[in-house]
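Please look over the sequence and structure shown here.

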Amino acid sequence: MPIKIIRMKLINSNTLMLFFVLLFASFGASAQEIIKDVETVEVKAPVQTGRQKIDGIIATVGDYIILDSDIDKSFLELSSQGNSTKDITRCQMLGKLMEDKLYAHQAVQDSIKVTDAEVKGMMEERLNYMVEQIGSIEKVVQYYKKDSEEDFKTYFFDILKENKLTSEMQKKIVDAVEITPEEVRNFFKSIPKDELPMFGAEMEVAQIVVTPKVSEADKKKVIDKLNGFRDEIKSGSSSFATKAVLYSEDPGSRSSGGFYKMNRKTPFVKEFKDVAFALQEGEISAPFETEFGFHIILVEKVKGQDLELRHILLAPSVTRTSLDEAKEKIELIRKRILDKEITFADAARTLSDEKETRANGGVLINPKTQDTRFELTKMDPVLYGQVSSLQDNEISQPIMDEEKQGKKKYKLITVTNRINEHVADYGKDYIKIKDLALKEKQIKAIGKWFDEKIGETYVKVLGEYRDCDFTNNWLKK
């Protein structure tokens, strides 16, 4: 398939999917039961304003219905996030809503599990963010036009559960798609020379990191504090979730009371997994250390290979003396490199405290592509600011870097290679070409999946929407 067609499909798909991936979730994704032999639903307005107009059912997909107002809500949600909707028609929006319903319906048929605990954790995290943005839970309820907090939470729970089912079903389809080197080669050969994609300017970057040392006394303070939490929780005088909300330094789980769901494949550090899977249900671990700090874990449920747990993270404080010592060490490393005593790569291998890059001579891996190249226009703004003024093989002055958890470290950065904007080259750009080829194959797999599942699933489109020219065969013509 020509690359221009691939890009157009991806652009259209991304435009229509924006409302689905928004943090607040889609208005139009509320889970509903099929209402058979009834094609309108009466929506009551508050007592003081009388009744609103009847809101009609416009489509049914498996176990879900779509109302005409769901399309309006989806447009409103897109607009509220600052996205343009002028190029999206009601037919296109309905098609996207029907896709989401089919994903969710088939996820249930395929026994894809989404637990209530998992959804509640997601809901608490999003609610906390909304309250921060809007000001209070009352304003959130008002924004969503619900009568009470309980009514809103029930509504929002259904939205999040359906969205999770949808995303898990999409993931299942896409994850099953693999591509061989031969398929990548054939894909590249099929692109006409005048349609080969242009790849933007890129650079390869390496770094050396020195982390300030934490004293044993400061470590003991944190361990003692965690042991105190553990004793209070075991005695029943406090709950684990409350302690996590109040004290945990893990931003990813603090708002949900330290909750995580994990299995052996979940990308947690080894030390965390080892402790978690050694615990019995209801057991609380002793404090243990990872690269992030010290933790305690409570395993709430064991479900086959899955664990539902809570954890509290505390990181020991770093003294001013330790920071000064780290800076002095990295300045000496820089001097040795400039004096040609050691190369940057060898210094990274033997002296850097960052184990992820140490073995590779300090070379950074792009987390989005898993390649060593960073496209300048897509580079993290902080990293770009640190390297943009460096010449080839120039070494930066020591940079003090502070992570989200508050951990501080010093680093040296150098640009090891620059790649100018260029037409795609199979040898030099294999990873990017493979990614394009894989995306095309995934698009085809999703299209085939829709063709099969629409044929197997009860689908009904009503009224004027039967005149829509849908991408998928929803009308089964």
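**Sheet, helix packing and loop residues**

An open sheet is built from four strands in the order β10-β5-β12-β11, with antiparallel pairing. Its edge strands, each pairing on one side only, are β10 (373-375) and β11 (399-402). This is a predicted model, in which local features need pLDDT of at least 70 and side-chain atom pairs count only at pLDDT 80 or more, while totals for chains, interfaces and linings use all residues. Residues are numbered from 1 along each chain as its sequence is written, and side-chain values use heavy atoms, with hydrogens and water left out.

**Sheet**

- From one strand to the next, the twist averages 50°.
- Strand β5 (residues 202-210) pairs with β10 in the antiparallel sense over three bridges; two strands pair if DSSP finds at least two bridges between them.
- Glu204 has Arg373 in β10 as its bridge partner.
- Helix α11 (residues 320-338) lies across β5 and β12 (408-419), and runs at about 30° to β12.
- Helices (H or I, at least four residues) and strands (E, at least two) are DSSP runs, numbered from the N terminus.

**Helix α3 with helix α6**

- The axes of α3 (residues 90-109) and α6 (residues 149-175) cross at roughly 80° and come within 8 Å.
- The two helices α3 and α6 are therefore roughly perpendicular to each other (65 to 115 degrees).
- Axes are lines fitted to C-alpha atoms, for helices over the stretch in contact, and angles run from 0 to 180 degrees between N-to-C directions.
- Residues making the contact include Tyr103, Ala107 and Val108 of α3 and Leu165, Met169 and Ile173 of α6 (contact means heavy atoms within 4.5 Å).
- The contact residues of α3 with α6 divide into seven nonpolar, three polar and three charged.

**Helix α11 with helix α12**

- α11 packs with α12 (residues 344-351) at an angle of about 145°, their axes 10 Å apart.
- The contact is made by Lys329, Ile333, Arg336 and Ile337 of α11 together with Phe344, Ala347 and Leu351 of α12.
- These residues of the contact of α11 with α12 comprise five nonpolar, no polar and two charged.

**Loop residues with positive phi**

- Ser111, although not a glycine, has a positive phi of about 60°, and lies in the loop between α3 and α4 (116-134).
- Ser111 is partly exposed, at a relative accessible area of 48% (buried is under 20%, exposed over 50%, partly exposed in between, with a 1.4 Å probe and protein chains only).
- Gln370 also is not a glycine and has a positive phi of about 60°; its place is the loop between α13 (355-358) and β10.
- Gln370 counts as exposed, at 56% relative accessibility.

Notes:
Parallel < 35°, antiparallel > 145°, perpendicular 65-115°, else oblique. Nonpolar A, V, L, I, M, F, W, Y, C, P; charged D, E, K, R; others polar.
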